Amino acid sequence: MSKNQKQPVKLVPIPSPNIIPERDVDMSPILEISHLGIDFGGLTAVEDLNMAIGRTEIAGLIGPNGAGKTTVFNLITKVYQPTRGTIMLDGRDTAGLNTIQINKLGIARTFQNIRLFKDLTVLDNVLIGLHNEMDYHLAEAILRLPSYWRAERIARERALELLSIFDMQDLANVKAGSLPYGAQRRLEIVRALGTNPSLLLLDEPAAGMNPSETSELMENIQKIRDTFKIAIMLIEHDMNLVMGICEGICVLNYGKVIAKGTPEEIQANPEVIEAYLGKKKEAN
Amino acid sequence: MTKTPSSASPSLYEDKRIISMPVRYLINIVAIAVFMLIGNLIISEGIINRTYTTILLQVGVYIILAVSLNISTGYLGQLPLGHAGFMAVGAYVGALAWKAMPHGLGYMIIGLIVAGIAAGIVGIIIGIPALRLRGDYLAILTLGFGEIIRIIIINLPDITGGTPGLLNIPKYSNFNVIFIFVILTCYIIHTMMKSRHGRAILSIRENEIAAEACGINTTYYKVMAFSVSAALAGVAGCLYGGLQGSLFPSAFGFMDSINILVMVVLGGMGSMIGSVLAASVLTALPAMLQFLASYRMVIYSVLLILVMIFKPSGLMGTYDFSLTGLIEKAIIKIRGGSKNNAKEGQANE
Amino acid sequence: MLFFSQLINGLQLGSIYALVALGYSMVYGIILLLNFAHGDIIMVGGYIALLAITAGLPTYIAVPLSIIGCILLACIIDKVAYSPLRKAPRISLLITAIGVSLLLQNLAQLIFSAKSQPFPSSVVIPKGSVNIGGFAISYTALVTLVVAVVSMLLLTWLVQKSKMGKAMRAVSEDMGAAQLMGISVNSTISFTFAVGSALAGIGAILYCCRYPQVSPTMGSLLGLKAFVAAVLGGIGSIPGAMLGGFAIGLCEVLVTSLGGSAWTDAVVFAILIVVLLIKPTGFMGKAMSEKV
């Protein structure tokens, strides 16, 4: 944080640990997953998963309920340690790292069942996301040295800027738990952005949102990618959202990849239609 | 303050501070000085007698104990049941240090620091294993630890005086000493909780998995909160020794840990002013109303159950008192809500 | 010879711990609550037995009376103090349990005074000993062992085979799903409390026969050690609680016989700490993790 303390940043990314060349969609991989698998007891939840995500790609991970999508997120963020396979972040093997180290390396996530710090204010939630962006020591905080004030001021301004992506800066002093459902999902994204990620994992960001909220969210996800130049991977059941903004889609069923490709390819894939979309239509 | 992009819309978020930071510090320092002066006056002028003076000093010690336990219980969201154990470590280490050194202000402070460090180190030693476990195991582990400390004190009479007690401790703890340490403790906790470290501690209470996903080293901050809590309890224990002049292992049992817990729970877990008020009332009342003595614990336990069932947030919730905040509110009221010229200070916290 | 008598001694103490530990373990298994008041229920059981015997009631009435008293008390505690907090944070429930424990202790202190009173153990189990293969075993030890083993067998049957036992296991596995299957969660929880306290009542009488006195605080240390036993064995696991109880009993007798009686309690807690560090789930406990 101290590096760019001169003037507050206006929605310009803090230099990410991964240098980004200027391109429309940079498809050189930031995340490479190969032969990833995990067993729970005797049950194989994810098997032989191979995928790569480009540096500024928006990737979708879809599949029927129980296909193992959230498990993939949990594997990437090391909530579970994989049984087999490797996850490379920017050419670096993440084996043996824990959730905290993964976050510091540049992967941030949101949760399917929202996990906000409910009794704290919206601003505090984002400031906690910015925790590692501040570098003052406990003694500096207790003695209230100038370094404390400076870091806190910059973090606060940064937090308000991040909140302004979703036009939430006016809610900064509201308790996070009292926000409406959609706003809670948006706040989780803001908090994740606070950790200055190079890869953002969104677990069902549109769940519980109405169509107008969803289309706004779509715009905002693209806006986030364009301003921060980061990769975004999302799990979503809303096909309009997935087909609308994802450049690459991976379809999971029973823990296995059954299709990969662009939205057009996925929509035309008979296997996907049979396993996933077809069923959906019948149900409707 | 940066102007937020949508300043046209009526903003819920605004910097409520109209008093600049240096002025805030000044107001608080003056208030503390006035309090201290009043305290000295009523004692030296004999407005309150010796008994009440002792009660007043005990209140001070228990305030430190309650606000320090509040770090682990209210902010971190754990339930340690061995706070009296940390108090005992500080009390005995401090008292032994005081007895080993000559008299003097400097030696008194050294003793208090040694007591705090000793309790803090014990806190780290207990905290590292205990905090890896789920919440209720921590309760039982700290409970066991508190008992072990007491048994050790009883069984090492050559060092600790054993059951007959450790006597002739220098009586350093006068009003000024205790008052300053109460203020110091509250200040340290307040500033800690308003920093990134404090927010990290709160985030663990709120949602540990999300905290980790935010890159917060939860184990580190748990142990930090726990050991700060223990260290401050150690200082309180040392002051307690300096107040009583003697120490007995029976003063540091399970019930004494519970006693402190009751103060924190009743005051509202996470509210410093709640802990201060509850510690004051629950220390002063039973001491003044002796006829209540035999009913005291019955009343405490019923209160504990009722508060948990009907108002789990305690009497003060998470409300935190701020003198300058109150003054600001008054100013805003007098000005009648004219907010525009209220931005003289660019302070933030 | 000495070894054998110490072994019997340890098994006797261990079986009491095991009976009490079962109550902790079962309640924890079903509502994830460390029932701090469990030890004090034992104390109340002790006082009921004492009062009944001093009132001249015969043993075969006094003992069931005390067990029924324990059951009723536990069910009342559950209804009044715990059930309003089913959805509350765990820490609230835990503090409530501590409150209940304090309340029982201090009420007993108000009613019966803090002094301990002698318990007429010889009325319940006559003094004397039997000779088995050249070793003298006191009636108290023999009865304790037999009663404990029979109770544990009954409990195992109850949990594994009976309909209520199935309901208990279902509720502890998944409360919501059990409710959807038509199991009354509240009555199952009450039943668990009842069974746990019945065992505590039996434990109370056996404990009073071993240490023939009753005092308001007798439950707290017994409860603590039984709790340690439950954690040691793996909290939530019934065979674990039995195993843990015997382990703690034997260990305590061992430390005492080695001349460290002043340190017994410290050793018990030290064992707890060490076990929690090496194997936090205890001997037979299951690891639980939160779903992300």
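This is a tour of a predicted model, chain by chain and contact by contact.

Before selecting anything, note that residues are numbered from 1 along each chain as its sequence is written, while chains are lettered from A and ligands numbered from 1 in the order in which they are written. Because the model is predicted, local features need pLDDT of at least 70 and side-chain atom pairs count only at pLDDT 80 or more, whereas totals for chains, interfaces and linings use all residues.

**Chain A and its sheet**

Select chain A. It has 10 helices and 10 strands; helices (H or I, at least four residues) and strands (E, at least two) are DSSP runs, numbered from the N terminus. Of the 284 residues in chain A, 47% are buried. A residue is buried if 20 or more other C-beta atoms lie within 10 Å of its own, exposed if 12 or fewer, and partly exposed in between, with C-beta atoms placed from the backbone. Among the contacts in chain A with a separation of 6 or more, 71% are between residues 24 or more positions apart. Two residues are in contact if their C-beta atoms, placed from the backbone, lie within 7 Å.

Next, colour the strands of the open sheet in chain A, which has 6 strands in the order S6-S7-S8-S3-S9-S10 and mixed pairing. Two strands pair if DSSP finds at least two bridges between them. At the edges are S6 (107–109) and S10 (256–261) of chain A, each pairing on one side only. From one strand to the next the twist averages 20°.

Zoom in on S9 (residues 248–253) of chain A, which runs antiparallel to S10(A) and is joined to it by 5 bridges. To find one bridge pair, select A:Ile249, whose partner in S10(A) is A:Gly261.

Axes here are lines fitted to C-alpha atoms, for helices over the stretch in contact, and angles run from 0 to 180 degrees between N-to-C directions.

**Where chain A meets chain B**

Show chains A and B together: 40 residues of chain A are in contact with 29 residues of chain B. On the chain A side, two or more residues come from each of H2 (99–105), H3 (122–129), H4 (138–143) and H5 (146–165). H5(A) gives the most, with 7 residues. This side of chain A has 16 nonpolar, 10 polar and 14 charged residues. Ala, Val, Leu, Ile, Met, Phe, Trp, Tyr, Cys and Pro count as nonpolar, Asp, Glu, Lys and Arg as charged, and the others, Gly among them, as polar.

Select H3(A) and helix H8 (residues 196–206) of chain B, whose axes come within 10 Å and cross at roughly 105°. The two helices are therefore roughly perpendicular to each other, a term for angles of 65 to 115 degrees. A:Asp124, A:Leu127 and A:Ile128 in H3(A) meet B:Arg199, B:Ala200 and B:Ser203 in H8(B). These residues divide into 3 nonpolar, 1 polar and 2 charged.

**Inside chain B**

Go to helix H10 (residues 218–244) of chain B. Its 27 residues should span 39 Å at 1.5 Å a residue, and its end C-alpha atoms are 39 Å apart, which agrees. The expected span is 1.5 Å times one less than the number of residues. H10(B) is mostly covered, with 23 of its 27 residues buried. Just after this helix, B:Gly245 takes a positive phi of about 80°.

Then select B:Tyr107, in helix H4 (residues 105–130) of chain B. B:Tyr107 is partly exposed because 16 other C-beta atoms lie within 10 Å. Leaving aside neighbours within four places in sequence, B:Tyr107 is in contact with B:Met101 and B:Pro102.

**Where chain B meets chain C**

Finally, show chains B and C, whose contact takes 30 residues from chain B and 34 residues from chain C. On the chain B side, H5 (135–155), H11 (254–267) and H13 (296–310) each supply at least two residues. H5(B) gives the most, with 12 residues. By class, this side of chain B has 22 nonpolar, 6 polar and 2 charged residues.

The last stop is C:Met218, in helix H10 (residues 218–233) of chain C. C:Met218 is buried, with 24 other C-beta atoms within 10 Å. Not counting residues up to four places away in sequence, C:Met218 touches C:Met43 and C:Gly46.

Note on methods
Angles under 35 degrees count as roughly parallel, over 145 as roughly antiparallel, 65 to 115 as roughly perpendicular and the rest as oblique.
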